[in-house]
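Please work through the following exercises with the sequence and the model at hand, trying each task before reading its solution.

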Amino acid sequence: MSTSWSVLRSIQNADRVSRHEVRRGTARRIVRFAVPYRRDISVFLFTVVLAAGIGVATPLLAGHVINAITAGGDGAAGAVVRLALVIAALAVADALLSLAQRWYSARIGEGIILDLRTRVFDHVQRMPLQFFARTQTGALVSRLNNDVVGAQRAFTSTLSGVVSNVIQLALTAAVMFTLSWQITALSLVLLPVFIVPARRVGKRLAEITRESYDLDAKMNATMTERFNVSGALLVKLFGRPETEASRFGERASRVRDIGVQQAMYSRTFFVAMLLVASLAQALTYGLGGWLAVHGNVSAGTVVTLALLLTRLYGPLTALSNVRVDVMSALVSFDRVFEVLSLEPGIAEKPGAVAVPAGSGRIEFRDVRFRYPSADQVSLASLEDVSTLDRTEQEEVLTGLDFTVEPGQMVALVGPSGAGKSTTSMLVSRVYDVTGGAVLIGGVDVRDATLESLRDTVGVVTQDSHLFHETIAENLRYARPGATEEQMWEALTGARIAALVRALPDGLDTVVGERGYRFSGGEKQRLAIARLLLKQPSIVILDEATAHLDSESEAAVQRALATALRGRTALVIAHRLSTIREADQILVLEKGRIVERGRHDDLVAAGGLYASLYRTQFTEAVI
Ligand SMILES: Nc1ncnc2c1ncn2[C@@H]1O[C@H](COP(=O)(O)OP(=O)(O)O)[C@@H](O)[C@H]1O
Ligand SMILES: [Mg+2]
């Protein structure tokens, strides 16, 4: 029955396959993935051939048993027993072979899954930030799970399916035709009677399966939308639960209808297949029996033919769909390769040099930057759109020139959208400049090793992220070897040690949705502790206190004071107190520096800074 399943699946896949074009070179890439498994694959194919041989040998032996019985005579009983023993031995061998086959196909399949998964994961995490902003996380995760598994399944099932079916078919047909070409030819006449309607059923099945996927997705969307707090509130306020229920009910009942149809179509498929095979068998008994009675063939031959017949129909139907099987393997692999072919954004140059330890000088030389366009960083299939935007993005930074000397604090101010955050991301090389250069300690960041860059530059943004792990693990993310003592020191510097000490699990408290919920200010202070642990010589703050109420803001400000002490700082701030202290203020507007200087001079100049000073900067809370 397993062949029928795979036939059904490939018919269902036909639809998916026909809508996807496989790129050139996919087959060659698949082969490259299979190469490490060539030994396993050879052993596997060898077991397949052996099993096919046993599959033909057993019916032949059964025929001999019948012939020995009908012939009678002295040696008959002994011969029958010997034959039966051989059949038994073959059965045991077949069972062992089947285990071996599964072992090898599982090893090959799971091995390929492992290779693909780790490759895709590693590749995706190196993608530019823009990629994550654009793609739907769900689509990405499903690419890592479903498509990788699909590719593997298609690979192993094609490998074992095609090879074993071809071998089985060739052997069986050869033996059958040798035994009696008339009976064999006649019994094959029925085959088209099965295959033609089976394809039609398969097509219909593919259609309703797709419809049920769509409906499922819609029901899920409705539930997630309506069953969150704000959705539920809206339903209550507008009081339309009946409408909601009936809409949902309509979709759910269509899913029920499809479920029933699906069940019937697939059962019809199996029943038809069994029926045709049984009819062909009956034909063999009838015609073969008639020939046997007239002495044209032996009784054993008829039995052998009838038994072999069942081994002929399965492979034949399966092979009639081989193209679809092979294509769906190619499609799954192609979808995975598509992700692997995306250019990773930032990579280390061969021969990169380390930024001198403790470097504190940042230099922007005529820096220009535009964000990459959609087609450079993303895949249409991951964004659920048919084509990606190719138009070049506007230049966001249009020639920035400035230097932050070691130990200085420089403040970046400017209206929203001026390019402040973008500027800060170029220092830590989240993106690469599209013109000019950013230098740290005299080294172009593009020539620097990524590790030395990460050690030198520490960043705190508006909403610092903490992983859903323990506090200690989150801290050690910045410095894997940190001792408890060092962690406590960092926490103290960030003014959060008392709070962590008061937690029942201390440093082992799990952070996040299902762990301990830190408030915004506490999270920022943990992020600052993480930064302190890293001890970078350059600190970048991007509105690190923007989302906080004034009380937590005061605490975070105190933590930041520790973080900035003795370090070079590039600070995007809206607090007057911070800005006033800056050694230099850079006023950014539309991607260029329009004013620079110290607070008093800029206010006196009466330009953009002066107007921002009047309207946007808030008074310090400390
Ligand atoms: N990921 C992005 N992709 C494309 N454009 C972006 C992206 N992030 C920011 N921008 C654009 O770049 C400009 C500068 O943004 P940003 O540096 O965030 O400004 P600021 O931090 O000064 O408010 C804005 O016009 C913004 O729309
Ligand atoms: Mg910003």
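**Exercise 1: the surroundings of the ligand**

Ligand 1 has around it Gln 130, Tyr 371, Gln 393, Val 396, Pro 415, Ser 416, Gly 417, Ala 418, Gly 419, Lys 420, Ser 421 and Thr 422, where a residue is counted if one of its heavy atoms lies within 4 Å of the ligand. The model is a predicted one, in which local features need pLDDT of at least 70 and side-chain atom pairs count only at pLDDT 80 or more, while totals for chains, interfaces and linings use all residues. Residues are numbered from 1 along each chain as its sequence is written, chains are lettered from A and ligands numbered from 1 in the order in which they are written, and side-chain values use heavy atoms, with hydrogens and water left out.

*Task.* Describe the make-up of the shell around ligand 1 and its polar contacts.

*Solution.* Begin with residue classes: the shell divides into four nonpolar, seven polar and one charged residue, with Ala, Val, Leu, Ile, Met, Phe, Trp, Tyr, Cys and Pro counted as nonpolar, Asp, Glu, Lys and Arg as charged, and the others, Gly among them, as polar. Next, look at the secondary structure, where helix H15 (residues 420–427) contributes the most to the shell, namely three residues; helices (H or I, at least four residues) and strands (E, at least two) are DSSP runs numbered from the N terminus.

Then turn to polar contacts (pairs of N or O atoms within 3.5 Å; within protein, one must be able to donate a hydrogen and the other to accept it, and residues adjacent in sequence count only if both atoms are side-chain atoms). A backbone N or O atom of Gly 417 is 2.7 Å from an oxygen atom of ligand 1, and a polar backbone atom of Ala 418 lies 3.2 Å from an oxygen atom of the ligand. Thr 422 instead uses a polar side-chain atom, 2.4 Å from an oxygen atom of ligand 1. Taken alone, ligand 1 exposes 560 Å², and the protein buries 62% of that, the areas coming from the Shrake-Rupley method with a 1.4 Å probe, with only the protein chains shown counting as cover for residues.

**Exercise 2: a buried charge**

*Task.* Which side chain of opposite charge is nearest to Glu 595, and how far away is it?

*Solution.* First locate Glu 595, which belongs to strand S10 (residues 592–597). Glu 595 is buried and has no salt bridge, and the nearest side chain of opposite charge is Arg 614, 10 Å away. Buried means under 20% relative accessible area, exposed over 50%, and partly exposed in between (1.4 Å probe, protein chains only); Lys and Arg count as positive and Asp and Glu as negative, while His and the chain ends are not counted. Finally, a polar side-chain atom of Glu 595 lies 2.6 Å from the backbone nitrogen of Leu 608.

**Exercise 3: salt bridges**

*Task.* How many salt bridges does the structure hold?

*Solution.* The structure holds 12 salt bridges, each being a side-chain nitrogen of Lys or Arg within 4 Å of a carboxyl oxygen of Asp or Glu. One of them joins Arg 39 to Asp 40, with closest N and O atoms 3.8 Å apart; Arg 39 is exposed at 57% relative accessibility, whereas Asp 40 is buried at 6%. Another links Arg 429 and Asp 432 at 2.7 Å, N to O, where Arg 429 is buried with a relative accessible area of 7% and Asp 432 is partly exposed with 22%.
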